[in-house]
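Look over the sequence and the structure before reading the points below.

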Amino acid sequence: MLPEWMRETDHYDVPPKDGGTFVIKTIQTIGRIMSRLKIQAGHEKKKHFPAMVKLFAMVLLIIVTSVCQNRVVLLATAAVLLGYLCTWPAKGLWGVLKPPVAAAALTFVLLIPAMLMNPAGISNNLVVVGKVFLCVTMVTIFNHTTQWNHVTLALRKLHVPGVFVFTLDITLKYIVLLGNLMQDLLTSMQLRAVGKHDKKYSSIGGVMGVTFIRGTEMNEQMYEAMRCRGFTDDYRGL
């Protein structure tokens with residue numbers, strides 16, 4: 001017979017009820033955000049459409065969907081998008097549908113007073129909700145099927161100023177780097193805090209301070225590297 005403690009199931013993903021609950025939840029949240037930012041390829045295949053073509057198609061479809069009043073066209077667009085999503089693996093489907101569902105639900109809540117005050121316009125309000133769902137779905141599909149460096153390259157081909165593209169690329173890169181640093185600091189703090197410790201919250205300020213100092217140092221290093229290499233406005237992307 002096994003002892004009772006060997007038959008118990010350990011739940012490592014459930015934060016303990018002590019001073020470390022906030023730390024563990026923070027680490028879990030940062031980890032989820034970092035995992036989303038690190039996934040660059042998404043469902044992009046080796047033989048894929050150029051990012052510029054997909055960008056033009058997305059903008060054109062969003063404009064057409066926004067100004068179109070023909071419900072048959074909207075239903076056809078919805079059928080094409082949902083049919084395309086049926087080809088996706090099941091594990092990645094909710095990640096694509098979650099933002100449009102949330103945006104459509106928020107739009108519906110905001111339009112409830114208008115529906116109550118004008119019942120005759122309920123159908124038009126529902127069309128607005130459907131348009132929001134379709135437009136956000138297009139943006140989400142584009143985000144999951146296009147790498148960030150391909151997007152910035154497409155922006156450069158569209159003659160977008162290099163400073164804007166550079167700022168976008170570097171911002172995303174350093175969000176990931178500083179997020180990883182913060183996650184490592186919180187993990188090390190959790191490992192060093194054995195047992196119940198009511199003053200764990202006071203260490204969060206130290207984590208934020210170290211992250212700020214490290215971010216300042218990285219900023220200075222990048223500026224010095226740009227000066228040494230004679231950086232100009234000609235930025236093509238990472």
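A residue counts as buried under 20% relative accessible area, as exposed over 50%, and as partly exposed in between. The model discussed here is predicted. With those cut-offs, Tyr 84 is partly exposed because its relative accessibility is 37%.

**The aromatic pair**
- One aromatic pair is present in the structure.
- Tyr 84 and Trp 88 form an edge-to-face pair, because their ring planes stand at 80° and their ring centres are 5.9 Å apart.
- Trp 88 has a relative accessible area of 9%, so this residue is buried, whereas Tyr 84 is partly exposed at 37%.

- In soluble globular proteins, nonpolar side chains tend to be buried together.
- Here the largest nonpolar core contains 15 residues, and Ile 141 and Leu 155 have the most contacts inside it.
- Two or more residues of this core come from each of α2 (51–67), α3 (71–85), α5 (122–145) and α6 (148–157).
- Helix α5 supplies four residues, the largest share of this core.
- Beyond its neighbours within four places in sequence, Leu 155 is in contact with Leu 55, Val 160, Phe 164, Val 165 and Leu 168.

**A threonine in α5**
- Thr 137 lies in helix α5.
- The relative accessible area of Thr 137 is 2%, so Thr 137 is buried.
- Apart from neighbours within four places in sequence, Thr 137 is in contact with Leu 81, Leu 85 and Pro 100.

Notes: Residues numbered from 1 in each chain as written. Predicted model: local features only at pLDDT ≥ 70, side-chain atom pairs only at ≥ 80, totals over all residues. Heavy atoms only, no water. Core = buried A, V, L, I, M, F, W, Y, C linked by side-chain atoms within 4.5 Å. Buried < 20%, exposed > 50% of the residue type's maximum accessible area, 1.4 Å probe, protein only. Contact = heavy atoms within 4.5 Å. Phe/Tyr/Trp six-rings, centres within 6.5 Å; stacked < 30°, edge-to-face > 60°.
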